[in-house]
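Visitor: Could you walk me through this structure and show me how to read its features?
Guide: Gladly; let us look at it together.

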Amino acid sequence: MPADPRPGPPPLTRRSFGRLAAGVAGGAALAGCAPGRGAPSRDTPLRVMGVNHVWSQAISKYVPEFEELIGRRVSMSLLTADQLSNSYNVKLNASGTDIDVMMMRALQEQLLFAHNGWLADLTGRVTGDAAFRWADFLQAARERSTTGGKVLSVPIVTERAALYYRKDLVAKPPATLDDLMETSLRLTDRGANFFGFVGRGQRNGSVSQWSSFLYAFGGDFTIDGRSGIGRPEAVTAYEYYGRLLREAGPPGATNMTLEQAMPIFAQGKAAFYVDADAIYTNFLDPKVSTVQDTVAFAPVPAGPRGARPYNIPSWSLAVSRFSLLQDEAWEFLRWAAGPEMVARIQADGIPGARTSAWSAPATLASFPPDLAAAMRRSSEIGVGHDRPEVLQVGRARDIVGRPLVAGILGGSVPAVARDADAEFADFLVRDNRYREA
Amino acid sequence: MTSTTEVVRAARPAVRGERTVARDNRRLKWVMLAPALAFVGLMIVFPLLYTLNLAFTDAFGAVNAAHSYVGPRNFLDALGDTRRFWPAVGRTALFTAGAVVLETVFGLALAMLMRRAFRGLRLLRTLLVIPLLTTPLAIGILWLLILDPTNGIANHLLTSMGLPRQEFLGSVSQSLPTLMLIDVWQWTPMMTLLLLAGLATLPGEPEEAARVDGAGAWQRFRYVVLPMLGPTLGIAVVLRSVDALKTFDLLYATKGPGGGSDFEVETLNIYAYGLTFDYQEYGLASAVLVLFTVAIVCVVILLRRRPEGRSA
């Protein structure tokens, strides 16, 4: 049988197979890691990532108006705050283009995200657009949106610490922290599963609410760039809050964040509750609250240095630097944080960050009168941060919260505060090094 | 002689043909293996090497940001950390050992009980697999509500029986034991199913012979069933131990970041997650994960070692 004269395909050698496999793997890896710079089509939705918050629910009602305005579909993904933060970490670490508008906590994340180069610079847009009226935003909120001289976010929701109390149990709210302690202890009846006070007690989560107590005692997280948590004022604030939760609070307080503490007050099992004013609607909703007729609102009581509640921009909107729809993303910010929409949303009972909305009686009419008065008062006297202003806010809160937990558990607060103070001082040095890098 | 040479010459093309087929088969083997190799390379080897590389850097904030190589500093920092790392190692070991021992004991007891048919066996089997089918996150939230110190049904039951209230997951000291028991509740059925499968393969004669020789139920179990079940038991313990070492969802859902206010349930997994997502310290987190992986491999090797003279 004659040999076939046609040349066959070259035999697959081990070396050629290796080259082929490496090529395929490399190509797949590059394709997977590449940010995908192709121009988006008209069908590509504008992707908004947000937290599951009353603001997000309110704005989503109006989103069809915006879709009509820009002729593009909007896709909103709502997550819990921790999930949202983790999602940014995963997607933006991979320079993902599937996030356009980012809802974020300026005080928690902006410094870090700016350090990572994840946020688009909005300075020219906010200042170059007269209709947006950047100067109309509260000054403290504008300051928190600016990092290194660049505007990187736009504030949408503001919060102040508020005292929620039961008007059927106390005729008038306590004016001082001493009054609060005394009344809370008096009203506590552990046998009946009723507590004088409830508040966040979890190491990390409680730091922001404790800050109003810290300021009222004359302390701060950092003083002149150095740790302030070992100072006598801070130790007194730790001991005070620890005793309040230990002796007048519910069991298991050290495991309590907003999700655990709020239902206890809403179910009528506590007389006082200190938390952000933005969550007040939870106590007026008969589906989740049994205290809708008995809840009342007041400013946080004064300490030795007066009443110093925090007053912060809790949520802001930013544009991802990797977004392929940066113009449309800015249009969303311009629309959602514009004067008209802020007034509409504030009229729905969600406190915004614009002076014009706060000075308009119509937008304040939706709040209960005593809450509106407390908000106005806290806006005047409030402190513009409720947590350490550092890159690694999570680690800082873990350190600052340790003496608080010791106080709740009845441990030696001064000893733990000394130890935490030393750790925080080391941390601040390292955090500054990161910032400079 | 001539005829032999002819035979050899005639045979040569056939040998060459066999060699070609053998060579083609070897090449074909690589082609057939390619998808699996690509998967292992991209999904297992590449992430492992990437993590190993990060472990020697000072990566912070973002993994795609500029970072420098710092040698073994992250490993030394982790191994010298008595505040978080070593307590986390201890809790990981305690949680795994406690949960797996209880699951093995209860799983074996249930498997022995369900070995023989009885009325209600099918219902029991169905009920047993329910915890297995539920996601750990849902289980965490479910138990968080049941064990809530103020509003939970568990304390309602305790007080209605005149017993004192308990803090359960709200307590620094009770959290880890409570979570171990929840893990036992969820994973004992898996041990039971694995051991039931092992029991079904055992020959009945040795046990029958022991019965005829007058051995009691305990003696038959201790000296006949248990030695024969040894290999299955070993595999089940290894599988469950590796899984328990990696427990994350349940701990995170119930105690949040850092494993609670006093880090009371912070295992290595929770610690590494916190370093990554809460602190953005990718270099140190990678070093902890590398150490954790080495520890898991060591545990598996240790558990798979058998006394000399015994085979699996």
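Visitor: What share of residues 93-114 of chain B is helix, and how far apart are the end C-alpha atoms?
Guide: Helices are DSSP runs of H or I with at least four residues, strands are runs of E with at least two, and both are numbered from the N terminus. Residues 93-114 of chain B are 95% helix and 0% strand, with 31 Å between the end C-alpha atoms. This is a predicted model, where local features need pLDDT of at least 70 and side-chain atom pairs count only at pLDDT 80 or more, while totals for chains, interfaces and linings use all residues. Residues are numbered from 1 along each chain as its sequence is written, chains are lettered from A and ligands numbered from 1 in the order in which they are written, and side-chain values use heavy atoms, leaving out hydrogens and water.

Visitor: Which record lists this span as a "transmembrane region"?
Guide: UniProt does, in an unreviewed entry whose listed spans in chain B include 93-114 and 223-242. UniProt positions are given in the numbering used here, feature names are shortened, and annotations may be inferred rather than shown by experiment. Residues 223-242 of chain B are 100% helix, and their end C-alpha atoms lie 28 Å apart.

Visitor: How do I read a salt bridge?
Guide: Side chains of opposite charge can pair when their charged atoms come close. The rule here asks for a side-chain nitrogen of Lys or Arg within 4 Å of a carboxyl oxygen of Asp or Glu. A search of the whole structure gives 35 salt bridges over all chains. In one of them, R402(A) pairs with D419(A), with 3.1 Å between the closest N and O atoms. R402(A) lies in helix α18 of chain A and D419(A) in helix α19, so the pair ties together parts that are 17 residues apart in sequence.

Visitor: Is R402(A) buried or exposed?
Guide: Buried means under 20% relative accessible area, exposed means over 50%, and partly exposed is in between (1.4 Å probe, protein chains only). R402(A) is buried at 14% relative accessibility, whereas D419(A) is partly exposed at 33%.

Visitor: What about a salt bridge within one helix?
Guide: Take D243(B) and R240(B), whose side chains meet at 3.2 Å, N to O. They are 3 residues apart in helix α9 of chain B, so about one helical turn separates them. R240(B) is buried, with a relative accessible area of 0%. Salt bridges with shared partners also join R402(A), D419(A), E423(A) and R83(B) into one network.

Visitor: And how do I read aromatic rings?
Guide: A pair of aromatic rings is described by the distance of the centres and the angle of the planes. Rings of Phe, Tyr and Trp (its six-membered ring) pair if their centres lie within 6.5 Å; planes under 30 degrees apart count as stacked, over 60 as edge-to-face and the rest as tilted. This rule gives 36 aromatic pairs over all chains. The ring centres of F217(A) and Y240(A) are 5.6 Å apart and their planes are at 55 degrees, so this pair is tilted. Both F217(A) and Y240(A) are buried. For F248(B) and Y252(B), the centres are 5.2 Å apart and the planes at 20 degrees, so that pair is stacked.

Visitor: Which residue lies over the face of Y62(A)?
Guide: A charge sits over a ring if NZ of Lys or CZ of Arg is within 6 Å of the ring centre and within 35 degrees of the ring normal. R344(A) lies over the face of Y62(A), 4.2 Å from the ring centre.
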